[in-house]
Amino acid sequence: MVAGMATLKLNLSAFSSSMSSFTASSSSSSFLSLLPMRTPSSSKPRFFRIYALSSNDIKVGTNLEVDGAPWRVIEFLHVKPGKGAAFVRTKMKNYVTGNTVEKTFRAGSSIDQADIYKETKQFTYKDGAQFVFMDLSTYEEFRLGEKEIGDRTKWLKEGMDCTLLLWNGKVIDVDLPITVKLTVVDVDPGLKGDTAQGGTKPATLDTGAVVNVPLFVNVGDEILVDSRTGQYMSRA
């Protein structure tokens with residue numbers, strides 16, 4: 001009887017000790033799970049991107065990856081015929097080639113979303129036929145050829161902040177500021193009497209572009225130009 005009581009006390013003691021260890025371990029684990037995870041200060045913020053979407057989610061401006069190329073939806077129409085399955089008719093523009101095509105997707109089908117994002121870079125200099133843009137925080141360079149820039153070269157000036165469009169880490173397009181400040185380097189005199197009629201005269205800017213400006217604009221003046229239309233806006 002005494003031996004049995006002793007055995008019971010020992011078992012209870014062991015159980016109590018085990019429960020204490022379990023409680024302490026659980027409390028420690030619960031506390032650690034509440035602590036925020038720290039990331040190295042040098043690492044860049046990561047953004048989770050959706051790489052697939054349903055054709056039902058297509059709208060104007062949606063970026064899709066079709067046949068290994070990036071496309072932007074410029075028109076769409078959801079069609080529900082009386083017979084047969086519903087579908088989505090789209091018109092898409094290729095970011096790389098500029099080609100426009102029409103393509104139909106089955107309603108509810110899964111489509112790859114193009115991983116396209118924008119970053120601000122500064123145009124630093126021209127290296128031969130290439131335009132060099134730089135990330136001022138990392139000093140990483142991005143290069144675009146004259147073909148990619150196109151007619152926008154006449155508004156591009158060193159030190160200008162531009163928006164680069166990237167797909168899978170590759171630059172596929174560039175957006176200039178809507179309003180650019182340029183300097184008049186040559187201007188033809190206006191004809192007498194044009195002032196009363198609000199006349200204009202052609203002016204050559206420091207980028208080589210020629211725009212029509214009011215008669216009061218002179219050589220050395222800084223003016224604001226709409227890079228989308230090439231029209232004079234005002235003096236800077």
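Which residues have the most contacts inside the largest nonpolar core?

1. Basis. This is a predicted model, in which local features need pLDDT of at least 70, side-chain atom pairs count only at pLDDT 80 or more, and totals for chains, interfaces and linings use all residues. Residues are numbered from 1 along each chain as its sequence is written, and side-chain values use heavy atoms, with hydrogens and water left out.

2. The core. Phe133, Trp155, Leu205 and Ile223 have the most contacts inside the largest nonpolar core, which has 28 residues. A nonpolar core is a set of buried Ala, Val, Leu, Ile, Met, Phe, Trp, Tyr and Cys residues joined through side-chain atoms within 4.5 Å. Buried means under 20% relative accessible area, exposed means over 50%, and partly exposed is in between (1.4 Å probe, protein chains only).

3. Where the core comes from. Two or more residues of this core come from each of strand 8, strand 9, strand 10, strand 11, strand 12, strand 13, strand 14 and strand 15. Strand 12 gives the most, with 4 residues. Both domain 2 (116-177) and domain 3 (180-235) give residues to this core, so the core lies between them. The domain bounds come from an automatic or database domain assignment. Strands (E, at least two residues) and helices (H or I, at least four) are DSSP runs, numbered from the N terminus.

4. The largest pocket. Its volume is about 700 Å³, and 23 residues line it, with Asn94, Tyr95, Val96, Ile172 and Asp173 nearest its centre. The search runs on a 1 Å grid over the protein atoms alone; a pocket is an open set of points where a 1.4 Å probe fits, with protein on both sides within 12 Å along at least five of seven lines, and lining residues have an atom within 4 Å of a point. Grid points are joined across faces, edges and corners, and a volume is the space filled by probe spheres set on the points.

5. The pocket lining. Strand 3, strand 4 (87-94), strand 9, helix 2 and strand 11 (170-175) are the elements that give two or more residues to the lining of the largest pocket. Strand 11 gives the most, with 5 residues. At least three lining residues come from each of domain 1 (52-112) and domain 2 (116-177). By type, the lining divides into 7 nonpolar, 6 polar and 10 charged residues. Here Ala, Val, Leu, Ile, Met, Phe, Trp, Tyr, Cys and Pro count as nonpolar, Asp, Glu, Lys and Arg as charged, and the others, Gly among them, as polar.

6. The structure holds 11 salt bridges, each a side-chain nitrogen of Lys or Arg within 4 Å of a carboxyl oxygen of Asp or Glu. One of them joins the side chains of Lys121 and Asp135 (2.6 Å, N to O). This pair links strand 7 (residues 116-127), which holds Lys121, to the loop between strand 8 (130-134) and strand 9 (141-145), which holds Asp135, 14 residues apart. Lys121 is buried at 3% relative accessibility, and Asp135 is buried at 11%.

7. Another loop pair. Asp206 and Lys157 meet through their side chains in a salt bridge (2.7 Å, N to O). Asp206 lies in the loop between strand 13 (200-205) and strand 14 (210-214), and Lys157 in the loop between helix 2 (146-149) and strand 10 (161-167), so the pair ties together parts 49 residues apart in sequence. Asp206 is partly exposed at 33% relative accessible area, and Lys157 is partly exposed at 27%.

8. A strand-to-strand pair. Glu222 and Lys181 also form a salt bridge through their side chains (4.0 Å, N to O). Glu222 is in strand 15 (residues 222-226) and Lys181 in strand 12 (residues 179-187), 41 residues apart. Glu222 is partly exposed at 37% relative accessibility, as is Lys181 at 46%.

9. Backbone points to check. Most residues other than glycine have a negative phi. Asp67, not a glycine, has a positive phi of about 55°; Asp67 sits in the loop between strand 2 (63-66) and strand 3 (69-79) and is exposed at 78% relative accessible area. Tyr139 has a positive phi of about 65°, lies in the loop between strand 8 and strand 9, and is exposed at 60%.
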